[in-house]
Amino acid sequence: KHNEEHKVLFMTSNLIAGFIQRTEEIRKWLFGTKTIRGVEGGEMKVTSYFLIRGDSIQPLIDCNDDAEQYTWTKVPLPVSEADKKTLYDYWCSEGPLDGEPCLDSRIYK
């Protein structure tokens, strides 16, 4: 929700590392990535793709207050080929994401 505030890469990296650390409580229910993409000093975006047990993001919000600062969107079922490609790119790729360079990425498993 606050991508316009991300200007310094190491500070934004610390934000996503802290988010992952505070999510330890539901480690066995969650898998995914948090990625910083864009241009340092310019516009940087934090994007997350998580797979969570169940139909609700509520367990994540309950254990980590920072989760409320993000906009969460459920991938529609059945999963389209475009959504599969996007998930593959964010979970497995080391190249550009959505046409922007990947500056940092953290895996939560």
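**Note on aromatic rings and cysteines**

1. The charged end of Lys-34 sits over the ring of Phe-19, 4.3 Å from its centre; for this, NZ of Lys or CZ of Arg must be within 6 Å of the ring centre and within 35 degrees of the ring normal. The charged end of Arg-27 is placed over the ring of Tyr-108, at 4.7 Å from the centre.

2. This is a predicted model, in which local features need pLDDT of at least 70 and side-chain atom pairs pLDDT 80 or more, while totals for chains, interfaces and linings use all residues. Residues are numbered from 1 along each chain as its sequence is written, and side-chain values use heavy atoms, without hydrogens and water.

3. The count of aromatic pairs is seven. Rings of Phe, Tyr and Trp (its six-membered ring) pair if their centres lie within 6.5 Å; planes under 30 degrees apart are stacked, over 60 edge-to-face, the rest tilted. Phe-19 and Tyr-70 make an edge-to-face pair, 5.4 Å centre to centre with 75 degrees between the planes. Phe-19 is buried, at 1% relative accessible area (buried is under 20%, exposed over 50%, partly exposed in between; 1.4 Å probe, protein chains only).

4. Phe-50 and Trp-72 form a tilted pair, because their planes are at 45 degrees, with centres 6.0 Å apart. Phe-50 is buried at 18%, whereas Trp-72 is partly exposed at 26%. Phe-19, Phe-50, Tyr-70, Trp-72 and Tyr-108 form one aromatic cluster.

5. There are zero disulfides, a disulfide being a pair of cysteine sulfur atoms within 2.5 Å. The sulfur of Cys-92 has its closest cysteine sulfur in Cys-102, 13 Å away, so it is too far for a bond.
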